[in-house]
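Please keep the sequence and the structure in view while reading.

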Amino acid sequence: MIRETAVEKYLKREVEKRGGHAFKLIGVGFRGWPDRFVLLPRPPRTRVRTFYLIETKTPVGRLSEHQKRIHNLLVEFGIYVRVLSSIPDVDKFMEYRHYGE
């Protein structure tokens, strides 16, 4: 089974390949924040978002209650939060993100 760190490293590498940044969120002040703050360049002639908060998990990983509350709060404020739990999830996110939401 793939480890969460492998998914997170792959995400970071794929984001950087496309000229973006995947900042690790450490010690934000309380538990439940997503793992990465991702910035990506806007594809030409699109209205695609340019920043995302990404939580990485293993394929069998589950969000904690703290994470669910924080993610729901962020979504209420219009912030895009995504949970990625495999290499194919990262690939789908990168493709989906490139072609529009």
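The model is predicted. Four aromatic pairs are counted in it, and the largest nonpolar core has 14 residues.

**How ring pairs are described**
- Two quantities describe a pair of aromatic rings, namely the distance of the centres and the angle of the planes.

**The pair F37 and F51**
- One of the four aromatic pairs is formed by F37 and F51, with 5.5 Å from centre to centre and 45 degrees between the planes.
- F37 has a relative accessible area of 25% and is partly exposed.
- F51 has a relative accessibility of 35% and also counts as partly exposed.
- Together with F23, the residues F37 and F51 form one aromatic cluster.

**The pair Y52 and F93**
- The ring centres of Y52 and F93 lie 5.0 Å apart and the planes stand at 90 degrees, so this pair is edge-to-face.
- Y52 is in strand β3 and F93 is in helix α3 (residues 87–99); the pair, 41 residues apart, links distant parts of the chain.
- Y52 counts as buried, because its relative accessibility is 1% and the limit for buried is under 20%.
- F93 likewise counts as buried, at 1% relative accessibility.

**The largest nonpolar core**
- Which residues have the most contacts inside the largest nonpolar core? They are L11, V15, V38, Y52, I54, V90 and F93.
- Two or more residues of this core come from each of the elements α1 (4–17), β3 and α3.
- Helix α1 gives the most to the core, with four residues.

- Apart from neighbours within four places in sequence, I54 is in contact with L11, P34, D35, R36, V38, R82, L84 and F93.
- Among these partners of I54, L11, V38 and F93 are listed with the residues that have the most contacts inside the core.
- T56 is placed in strand β3 and is buried, with a relative accessible area of 0%.
- With the neighbours within four places in sequence again left aside, T56 is in contact with E4, V7, E8, L11, D35 and L84.

Conventions:
Residues numbered from 1 in each chain as written. Predicted model: local features only at pLDDT ≥ 70, side-chain atom pairs only at ≥ 80, totals over all residues. Heavy atoms only, no water. Phe/Tyr/Trp six-rings, centres within 6.5 Å; stacked < 30°, edge-to-face > 60°. Buried < 20%, exposed > 50% of the residue type's maximum accessible area, 1.4 Å probe, protein only. Core = buried A, V, L, I, M, F, W, Y, C linked by side-chain atoms within 4.5 Å. Contact = heavy atoms within 4.5 Å.
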